[in-house]
Structures are given as C-alpha cells and as structure tokens.
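Hi everyone, thanks for making time this morning. I'd like to walk you through one structure, going from a whole chain to a sheet and then to the chain contacts. Let me put it on the screen.

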Amino acid sequence: MQIRIGVFLCDCGKSLSNIDFPKVSERAEKLQDVVHVGLHSNLCLKEGIEEMLSTIRDGAIDRVVIAACSPKLKEDAFRNALEEAGLNSNFLSLANIREQCSWAHEGDVTEKALELTAMAVERARFLKPLVKKDVPVNKEVLVVGGGFAGMKVALDLANLGLRTTLVERGLALGGRLEGFETNPAVPINSMRKAIEENRDIEVLTSAELTRGEGEVGDFSIRIKKGDEELSRSFGAIIFATGYRPEISPGDFQLRPGVNLISQEKLTEILKAPERLELRPKTIGFVLDVSDENCRLPTLSALNDALAVKERLGSEVYVFCKSLKVDSEGVEEVYREARDRGVVFVKFEERPRICSEDGRVKVELNDILLGDEITVFCDFLVAEERIMPSEGTEALSSILKMRIDSRGFCQDENVHLYPVSCERKGIFCVGACRGDLDIARASTDVASAVLSTYELLAPGTAIVEAERVKVDPEKCRVCLTCIRVCPHGAIRLVRVDTEREVAQISDLACEGCGICAAICPAKAIDFEGYGDEQILAEVQAIGESL
Amino acid sequence: MIRGNNKIVAFCCENSAYLAADKAGRMRLHYPDNVRIIRVPCVGRVDLIHILKAFEKGAAGVLLIGCHEGACQHLTGNTRAKERAAYARNLLKEVGIDEARLRMANIAPDMAQQFVREIEDMTEKTKER
Amino acid sequence: MAKPFREALKTKEFVVTAEAGPGKGSNVAKMVEHIELLKDRVDGLNVTDNQSAVMRYPSLGTCLLIKEHGGEPVLQITCRDRNRLAIQADLLFAYSRGIDNVLCLTGDSVDVGDHKEAMPVFDLDSVQLIHLVHALNSGKDMVGNELDGGVDFCIGASATPSADPIEPQLIKFEKKLGAGVDFIQTQAIYDLDEFKRFVEHARKTDAKVKILAGIVLLVGAKMATYMNENVPGIYVPQYLIDELAQAPKGKGIATGIEIAGRLIRQIKEERICDGVHIMAIGREERVPEILEAAGL
Amino acid sequence: MIIAERKPLEEIRGMIAGYKKILVAGCGTCVTICWAGGEKEVGILSSQLRLASSGEGTELSIVEACIERQCEKEMVEELRDKVQDVEAIVSMACGIGVQTIADVFEEKPVFPALNTTFMGMPEAEGVWTEKCRSCGDCMLYWTGGICPVVRCAKGLLNGPCGGTRKGGSCEIDPEKDCAWVLIYRRLEKQGRLDLMRKYYEPKNYRAVKRPGKIEALKA
C-alpha cells in the first residue's frame, strides 16, 4: 500500500523568523510519499493538535512528520494525539527545527530546516506500527538478606499487600543489629515478631540462592535450604545483603598481647563487664585511618564510647581525623559523648601505635594543641573498614548484576542511584551498596518499596511489544546479544523442537540498541532506531531538494 | 563518484548530547549550521555501517557523542561506542579517509558549550581537507 | 686424540664438557680456533643445533670438524627442523663418521628465532627422540626395518631444574630417564640448593644416570637480569646480580668467570653431581679461564 | 566452529582491480558468528570498497548478498541470478565456502575476502581461540580434555618443553598458558596424573589421509 505522509510544520507562534516556512512547505510537498503539508503556529496547543487530528481523521495520511520544537518537549503528547486519531502512535517522525536549527544558527536556515524535515520524512517511510500490550507480572517479591533493611522491606511490602519471601543465610533474622548499639534504637524484636505474624511474609533461614534466571516480572530462582532445593518465581528481587566489617591487616596488626581490640570484642566486653579482671582505666578508639569517610564505624565508635562511659566508667579517647557525623542523629551522639567527658583528639598524620608495658601507647600530633601527645590506653579499639558481605560477588553473578569497584552491589553509575541496578526489577538497599547507616538504609527501603509496588501491584505491565526484536529466522544463536545486553534482558528461548534463538523480554528491555548494533547476523531490529530508519536519515542528508 | 556534501553527521545520545544540543539552541549559542544531528537512544546503538554510510553520503565528518564514562544509562553503551569508533577509524584509514574525520566525544546533558565546541572543532578540522 | 666421551662418563670422577655454538656462514675459522683451544681441556664439545631457532652452520657439520681436529663431539639434535626421516638419516650419517654422542632436545620455538615464518616441524618430541635413538641402537629404524650396519649412540637428554612450576617438568624428565639416557645436561643453574634437590629427585628414578650441571657464563648484571626476565627456566639469584653489578666497568666478565669457577668448584668438592657443561655463549675463548678459576 | 578474519582492504582491492561489477557474498554460519563475513561484514566491506574506489574516481558497482551456508552447493545456487550480473565474486566465507562458490560458478573469478584461521570457540565477546586442529586422532581422553596438539605451541605429546615461563606460561607468548601446565593441573585435580606419566608414541600423521575424506556409508 502506498504510504501517505503528512508533514506538519510549526513556526512556534511565528517566532522562528529565520526560516522561510512557505518555501519549506512548498518544497516539502515534493518529497516522496508526502501527500499533505500543513503550516501551523501552535502545534503544541490544543487548537493546533485539533487541526492535525482532523487531517489524520480524514484518512488522508497514515504517517505524521512534525517539524517543530525538540522532541524532548512534546513527543509524548504528539504520540497520544496520533493514538486518539486512531493512528498507531509509532507512525510519528519529528524534525527538531527549533532548538537544533532556528535557535542554533545565525542567519537564514531555511535550507537546513528543509533538510531536517526531509530526514524525518525519509525516516517516516520506514516506520512500522508498534502494539502496546499488557504482560502479566508475578506479584511476589524475593528479599535477600534478613538484616534491618531486608526485614523492613519485607514488612513494608507486605503492608502494601505484596507477598515476600525473605531469604537469610544465617540461622535467624536480625543481621548485624544484634549487639549493635544504635541511636535511635531499632525495635529489632518487634520487627521480628511482626514478620513472624505476617502471613504475607515467608521466612527462609539458613537458605541461599543457587541459581537465577529470567527477567523482571518473571524471575525463576532456586533457593537451597538445608538439603532441599526450592524453585520459586518472583516478579522482583531486593538485595539487602548488608556489609562485613573488616580490620585491614595493613592498618592495624592485632597481635596477642597487644591490647588492640576489634569492635566486636569490645561489644563482648560491654555485655559482661564483670568478667574483666581489671576494670580498664582508659579506652581509646581510633578512626579515619583506613577510610576518612567512614560512617558506620564512626557511629558505632560513638555509641560504644558512650556505653563504655556508662558501664565501665573508663576514660575514653577518640582519635580521629574528621569524624563523619553526617548521619541522622550522630551530631547529637557526638555532643552527648563530649558532654559525658569523651575526649576527641584530632590528627592529621597517622598516629603511631605500639605496646608498652602491657598497655597501648598512642603517639600523635594533636592538631588543636599543635603538639605531640602520648596517651596510654588499656584497650585501643581498632577502626573497622566496611566491606561487602561475603559472597556478594557470587550472588551478583547468579543474577548477572555488576558490582562496583569495591565489590559492593550496584555498579557505579549515576542513573542507578539510589536503589536500582542495571537489571530492571532488581533493587539494592542498605549497606550492601556501601557504608550506609540505618537512616539512609531506611530511605533506601522506602525508595525500593515504592518502585517495587509501582512495578508489580497492578499485576500487569504495559509494554510496546517487540520494539526491539530478534528475527528468529536470522538469529545465528551466537549468544553475542545475550552476553552484551547491559540489562540482562535477552535469553535463549526454544522456538520449535530443534531450535533455540535469542529472545528479548519486552519488559526488561530498556531500549538502548546495543544488541542491535552488535548482532553479527543483523537479526535484531529496533523499531524507531532500526538500521533502515537510521540509514534513511543518513541518506537524506545533503540531498539537493 | 560520491560527492562531498560538507555535512557533519552527529549521532547524539538522547540522554546527553541531544539534550546538550537543545540547550545550546535555547541559549542561542550559535554554531555552524552544517551539522546534522541523528538522535539515537544510546550512542552504543551506532553501528559501523551507519558511520561508513555517512561517509559514503559525502559527510565531511562524523561525531559520536554519548554520555561521560560511568554515566551511561546503559552502562557500556558509551565505552562500546568508543571502541567502535576506534575500529571504524581503522576502516576509514584503509580507504584513505583521514581518521580525524571521525570522533567520539562524551558530553553531559547540560554541557551546551562543550557541544558547540565539538561541532566547531570538527567543522574547523574538516575544512582543512 | 681425545678419550671417548662415554668412557669419560664411566671412568672420570668429574666430567667437563663445553658448548660450541656454530656461526652464521661458511667461514669456520673461528670455530676451528675454539676447537683447537678446547678439545684437550674438556671431555666433550657439545654443538648446538640452530640454537634459539636462529639459522646457522649445522651441528652435524661442526661435529665433523671437531672430529677432524681430534676432538670429541656431542651432537645436539632438536625436533624443530627435521621430521623422523631426516633425523634418522642424520643419525646414521653421524655414526658413520664417528660421531656417537647425541643430545636429544625438543628445540626452541621458531617464534623466538630469526626465521619466524618457518614451519615448526616437531614431528617427534624429545622423549620420542630418545626412543628413536634406542631403536637405531638396536639395529632397526623406528618402524622396525633392519639396518644394514647399526649404530651405538651414547644418549643424553636435557632438564630444567629451575622451572616454575617444576612438577610437570619433572614428569617429563622422568619419562626421559624411563626411556633410558646415559647422561643429563641441565639448563643453567645458579642456586645450588635447588639443584641438589633436583639431583636427589633424579637419583630416585635413575641412580646411575650421569648428571652434568649447566653453567652459563654471566658477562654482567644486565645479562643476568635479561635472562631472568626473558629466558625461561633460568633464574639468577639477586646476590649474584649484585656481585656482578659491583664489578668495575669492563670487569663484569671477570666476575662472571669467577662466579662460574666458584660454582663448578663447589659442585665438584661437594660431589653434587657428575660434572658440568659450560656454556660460554659467544665467549668460548674464555672457557680456559673458567676452568682455571674452577681449579680444573 | 570455523574462525576466520578479514583480509586487509588493500589485498582485496588488489584482487578485484579492473572489475567494475562485483558480488560481495557473505556466509550466514561460522563466519557470521565470528564477526568476519556475515551480512554485517558484507555491508562494511562493500561500503569500504565503494568509498575507496570513489576516492580514486574508479567505477565500481557492488551487489551485496548473504546466504545461509556457502559450503552447500544447493545454497550457493541461490546466488545464481546475482552472479549472472557481475564480473567477479568476492566471497566472505571460509576457504570451504570460497571453493564451493568457485566450483558452482566455474566461469566467474572468485576471490577470498577472509583468511580462514582455525577452529575455535568464543573466549569473550569478540575473542576466539583455537581449540582443535582436526588431527583425526583425538587424544583428549588422556590429556584432561586439553588438546596439546593445538594448545602447545610445539604440539608435544609427552609433557612440556623446557621453555615454560615462570608461572606456567608459554615460551612464545607470556600471555598464553603452557598447555602442559594446564594438563598437569587438570589431571592433578582429577587424581589422574598417572596418565601424564605414560609414554606416548609419535603421532600418526596419517590418521587422516590428506586431503581428508569421510564416507560415512562405506563399511
């Protein structure tokens, strides 16, 4: 069937004076397959759209080219208008004659405006209709990690009516909150109880993920619990795998006999101070040695310093460089610590730490005094470094997610922050993304819960079917697209008894076209940005009109 | 014989360079009007044949402009484009086209001036040929 | 006339051989000079076969020269340039001209040499080559045809005591011993403790095999560092590099000679193995000095 | 899978010099997968040829095509109509495809655009490595599934040469693993090192009579 293209030129309220619109109009009429050219001043307004719609409704045209402002402004409105007029919304091709033509150059740009219009017309000739469809999504959510963030996600989702499965590899829920002094205190026990009582939350402890396939809306996950392997399906996955504190051997050498202790050890002491032979007179904390921006270690050191004051009554020194107090409530804890007599000593150069007469000798240059000072401590609590939980890398590779340069979940990419990852339907919350305190983790949780709810609650998602599509006849099954898709949206699917070919999930696809560019068999078409459409634009460049 | 059309074809990522070009327009930062912007969803979409065909059409220069490294919405699109541009330069060299006529650039959505500079620079470079 | 090498292996307490590296071209004057200089001071002159895959005057031809000048040649044969037909034919020819010592080697890859585009043959490997020589020694070619006039070769093989990882090398080495060899000539050694462990290991498999420790003359710290970085299987310990570096300008080689002499003396005094094979790559004229430094 | 790579443009242009109308024919199987001669590369080569000849001002018209497999005579037949209109054919297939086309269209000159390099597998995106040399005498059962014939630079059968570099890389390329070190490690892991200790006879180079031919129906 003959293609009938209608070209709608908009002079933006007659403001684009360096374009001779009648001339553009006159010459656009001569372009191949163009059957209508209209000159408008207000295509973005209701009246303008109405004018356009009546032309479409007349049935005179079946492709629309609009030469107007940037598509970034009104593209969606124009597409809706097409649909309203009963035309497939993909039958639209735009020429940016305002931002990228009239406004961008000095002097008359009629020729350029005409060429941009010609490019859009040429592209329009190759457009194919795109069908919107509903795809069902599984409304169940998998939460990996039963610490604070994981528990909160599960509770919040359950409260919104989404069933969750909470997988924890440890024996019980609670994670690092157990024995961790927090301010404000987290009601860990009541959270645990609420989860137990909630019928929409299934808790699997001593369980780990072993395999993961599929995409958003339909993840197939295998979970190993004891000797059993469970197969489950989920619509979304939330990672809340937390962190692991580590004392870097290069920073502190914890040797027996030297009373340099870990935070964990201090917690043990604080739990049962009566077991100590001698009540320590002086306890020191050292911070900012391995990482100047440590948030969790600072918070726990401050809380522990207060606890030491309260339960042991020792003299407490905190040796630090900048003291990161940007977490909610930490400034307050810091003030309280000072009020209670905790001494903060600031350094620029790393303190020198050694043992002398069974005590820990800390020598440093106090930047406030501007002098060398020496402090003897009965115990010195070493600073911990926040590291990704063990197995983060393995877990990420099961779900084909990238990790950041330090090994935490979520690749370093501005578009992913705060809680997304490159795979749609997978979110990362809390300390599995790095050094995040409880308040920040809570923000993460809220954000992930909202996104998950939006995604799954309707039970279906609207997609443009086969916008990016593998031609099963042309696919050579070389797996290249599967390997390169940054969003893990492509998998092998059996098309008949013998053949498997690559297939793109409409829901998981983010429409980047990387696969289409790399496919060696040219088997992937990307409607709107297909080879013939891009090349059509290229072909129109420089054609004398 | 392919005639030269003296145009610069700029394949622009719609998440960054395309927006920078829009902004340049809004700011009325005037630049040479021989540039033809082709909007792509990610600069990683641009294939070798697109580049070659642009030169077959007689383009004076071809630009691939994407997001900054580490800021690609599709993670690897811009780094792939960079590799592809390097590969394409070899293909161009084989046919005797000055490699400088193809360039990959990284631009953030608000870097209108930088966008203009890239266009001016390429225009300047390709004038000399 | 030199005493047959195999006799020396059997009777002498400490056997010394030296390497002769042929040059590129038909002028053999320098080679003859070296032969004359060394033939009566060592128990065998061992001729490389297109060493480092660089095309040169042939091993076989040089062995003939040695024979003509009254020396005792050891023919090196690598598997790189000849297939099984050519190797057998060469061996028959060698034996017919009185050359009856053969060192069976794999051969360096053509990629490291000066004819990089050549076809690497490697029809056989070194273990198979040893088996082949045994077949010839038994009066038959390798497919079992009777020979009209047999051969009786004294067979040698190589070993790399400093290889890393050593285990796969040792397995191959054991295969060589299993195939039956009269002597082992090692890659250059500098760390005698490591070498002792190697000898001990070798003795477990074959108590009688004669082991000649490879001694490569170091001419300076630069060469030592280069070898460490580029020559597989050779590791010069840092203290030796330091010793060479401290030598006054132009005296590096003197220090190298001293080091080589010291190593040989220690090997001999401690009876670590049965002898040494001296490789003075390109500096054959200095071998007598090494022997003097070693007290030989 | 057969791996190939494209020849330099200059070499291809040298072959087709003087012809004004050519067919560039791709192959949709192995060489498509190894990014050497599929539809995509047909487009690239054709574009390059057009650019180069227009730069020189010579006349060249190109017909582009890509068929499923160039090693099948019946499939090559699909090109007949296009072949009739051209003076020469540039085949972007492996050496087998080039010869099949040459056999089917005897009257036309056929030029290879690729160098057929080896049989291999994809190591990473865009990287292929040689894994088999079709020696006709497979010994992978005693080498832990690692082929020394192709992965050892010297094809040794009884263990590594003395050229193994520190850490277990190959004499000729520190980037490549010594096949025998790999074999050792694999067999050690499996507790089958006795296989490596065995002596293996010289290889039978007549396991396949060259040129190879298999007649599956013959008893």
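Of the 545 residues in chain A, 48% count as buried. Please keep in mind that this is a predicted model.

How many helices and strands does the secondary structure of chain A come to? The tally is 15 helices and 28 strands. As for overall dimensions, the C-alpha trace of chain A spans about 100 × 60 × 40 Å along its principal axes. Some of you will want a reference for that, and here is one. For 545 residues the globule rule gives 24 Å, and the radius of gyration of chain A is 31 Å, well over that value, so chain A is more spread out than a compact globule. Turning to contacts within chain A, take those between residues at least 6 apart in sequence: 71% of them join residues at least 24 apart.

Now let's zoom in on a sheet. In chain A there is an open sheet of three strands, in the order E18-E19-E20, with antiparallel pairing. Which strands stand at the edges? They are E18, residues 352-356, and E20, residues 371-377, both of chain A. Each has a single partner strand, so one side of each is left without a neighbour in the sheet. From one strand to the next, the twist averages 25 degrees.

Within that sheet, let me pick out one pairing. Strand E19 of chain A, residues 359-366, pairs with E20(A) in the antiparallel sense over seven bridges.

On to the contacts between chains, starting with A and B. This contact takes 35 residues from chain A and 37 residues from chain B. On the chain A side, the elements giving two or more residues are helix H4 (98-102), helix H14 (514-518) and helix H15 (531-540). By class, the side of chain A that touches chain B has 14 nonpolar, nine polar and 12 charged residues.

Chain B also has a contact with chain D, which takes 12 residues from chain D and 13 residues from chain B. What gives the most to the chain D side? That is helix H3 of chain D, residues 39-56, with nine residues. By class, the side of chain D that touches chain B has five nonpolar, six polar and one charged residues.

Note on methods: Residues numbered from 1 in each chain as written. Chains lettered and ligands numbered in written order. Predicted model: local features only at pLDDT ≥ 70, side-chain atom pairs only at ≥ 80, totals over all residues. Contact = placed C-beta atoms within 7 Å. Helix = DSSP H or I, 4+ residues; strand = E, 2+ residues; numbered from the N terminus. Nonpolar A, V, L, I, M, F, W, Y, C, P; charged D, E, K, R; others polar. Pairing = 2+ DSSP bridges. Axes fitted to C-alpha atoms, helices over the stretch in contact; angles between N-to-C directions. Rg over C-alpha atoms; globule rule 2.2 N^0.38 Å. Buried ≥ 20, exposed ≤ 12 C-beta atoms within 10 Å, placed from the backbone.
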